[in-house]
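Let's take a friendly walk through this model, one region at a time. Have the structure open beside you as you read.

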Amino acid sequence: MLQNFIPYSTQSIDESDKAVVIQALLSSHLTQGNITKEFEAQVAAYVGTKYAISFNSATSALYAAYKALKEFVLQDIFQKDSHFVDSVNFKYARRHKTFSILTTPISFVATTNMMLAHDMQPIFGDITMHGNLKLDGLESLLRDDTIAICSVDYAGNSVDMEAFRQFTKKHNLIWISDSSHAFGGSFDNKKVGSMADMSIFSFHAVKPITTCEGGALVSNNDFFAKIAHRICNHGIEKKTLYNHDCVDIGFNFRLHEVGAALGLSQLKRIESFLAKREEIAQFYNAYLHNNPFFYLPKEQPLIKSTRHLYPILLDSRFICQKEHIANKLMERNVGVQVHYKPIYNFSLYRSFNYPILRNAEDFYHAELSIPCHQNMSLELAKKVADSIVSTFESFS
Ligand SMILES: *Cc1c(COP(=O)(O)O)cnc(C)c1O
């Protein structure tokens, strides 16, 4: 048994993080100050987008993204966009006020809950063996009111950004990327977040960098950025010092200065986090290679993963015992979790009578995320791996 509990993912906080947090706490502005502005500027520069808007969570940022999408259609903005001017689906959605979005069932439920919050219907496509939305066959799921696709970079592995860009162009869809797992990742040397129409990142404690709770929406689109900013700030548009106008039911979704200060400090450390996670993942790849109990994540040459998760897939012999195996591992201080139960199985989604998706079900039954994070040493990774192997042995 390991001496201490090892979570599947966790944050890293050092003296440099602590120092800037204390400094922010003692500064004149605890919210709506320059630190948040600086954090947003640095996130935009890091990803390579015109805009980055910070939020108190990725969930809030997703809410704002879908709102911006809806307004893009309802306000006829798409008619001013050469690419969408003839979009039959946008016109249909606008006329009938119904909206649907293609997405993946293998995600955290916030991805689609925030669609429901806007009366937008998720349409679930099946996934690939890597856990990402499969483009193959997705075309047949398009409806008259389908206006967007929301992909998720599962475990920190980017979707094939070129293929998604082509697919969304071909079908006149807006591309929203829930990249909550993938801040710092890339596809073919292009940063995650740089290609979708809107991308969302999470800075929750277990994600690649943290602001405790927090998130961001990045985009190159002026309209999307304007709406997102407005929703984050009470639906208020500021004109002069006190003469402002409220034009929508907005919220207070803002990230505070202390969180932004931590974010800036974490940004300085991100490359070391990613390198450490990669080192642990590569160790598992080599050390657990050819084990008879489970399959390792398949490497994809064009993708630089953030290794937010290290998902193993159990051999079919062990699937019935997965719950017992997971409990035994937890007892042995090996933190494991399953990512994810297909969203359409949740009670909230039952009434929609979604079809069961074969790959998503198989993936859910086989998947187990094992510890992989920047606070682990190679020595600890070896102990974790040995403990996992001996646990599986005891079940075979
Ligand atoms: C973590 C996560 C979210 C929610 O992020 P919060 O910052 O906790 O709101 C959304 N989608 C995915 C895929 C996530 O992993």
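## How two helices cross

Angles under 35 degrees count as roughly parallel, those over 145 as roughly antiparallel, those from 65 to 115 as roughly perpendicular, and the rest as oblique. Keep that in mind as you look at this structure, which is a predicted model. Two packed helices are described by the angle between their axes and the distance between the axes. Helix 8 (residues 257-287) packs with helix 12 (residues 378-395) at an angle of about 40°, and their axes are 10 Å apart. The two helices are therefore oblique to each other.

The crossing of helix 8 and helix 12 is right-handed. On the helix 8 side, the contact is made by E279, I280, F283, Y284 and Y287; helix 12 brings L378, A381, K382, V384, A385 and D386. What kinds of residue make up this contact of helix 8 with helix 12? Eight are nonpolar and three are charged, with no polar ones.

## Two nonpolar cores

In soluble globular proteins, nonpolar side chains tend to be buried together. Here, the largest nonpolar core has 40 residues. Those that touch the most other members are F55, Y66, L69, F72, I147, I174 and I176. Which element gives this core its largest share? That is helix 3 (residues 58-74), with 11 residues.

Not counting residues up to four places away in sequence, F72 touches I77, F78, D81, F84, F90, I174, F223 and F224. There is also a second, separate core of 29 residues, and its members include V336, I370, I388 and F395.

## Two residues in one loop

Now turn to the loop between helix 9 (322-331) and helix 10 (347-350), where I343 lies. Is I343 buried or exposed? With a relative accessible area of 0%, I343 is buried, since the cut-off for buried is under 20%. Setting aside residues up to four places away in sequence, I343 touches T104, P105, S107, F108, V109, T112, F124 and Y349. From I343 to V47, the C-alpha to C-alpha separation is 29 Å in space, and the two are 296 residues apart in sequence.

N345 is also found in the loop between helix 9 and helix 10. Its relative accessible area is 16%, so N345 is buried. Beyond its neighbours within four places in sequence, N345 is in contact with R350, I356 and E361.

Technical notes. Residues are numbered from 1 along each chain as its sequence is written. This is a predicted model: local features need pLDDT of at least 70, side-chain atom pairs count only at pLDDT 80 or more; totals for chains, interfaces and linings use all residues. Side-chain values use heavy atoms; hydrogens and water are left out. Axes are lines fitted to C-alpha atoms, for helices over the stretch in contact, and angles run from 0 to 180 degrees between N-to-C directions. Helices (H or I, at least four residues) and strands (E, at least two) are DSSP runs, numbered from the N terminus. A crossing is left-handed if the near helix is turned anticlockwise from the far one by less than a right angle, and right-handed if clockwise. Contact means heavy atoms within 4.5 Å. Ala, Val, Leu, Ile, Met, Phe, Trp, Tyr, Cys and Pro count as nonpolar, Asp, Glu, Lys and Arg as charged, and the others, Gly among them, as polar. A nonpolar core is a set of buried Ala, Val, Leu, Ile, Met, Phe, Trp, Tyr and Cys residues joined through side-chain atoms within 4.5 Å. Buried means under 20% relative accessible area, exposed over 50%, partly exposed in between (1.4 Å probe, protein chains only).
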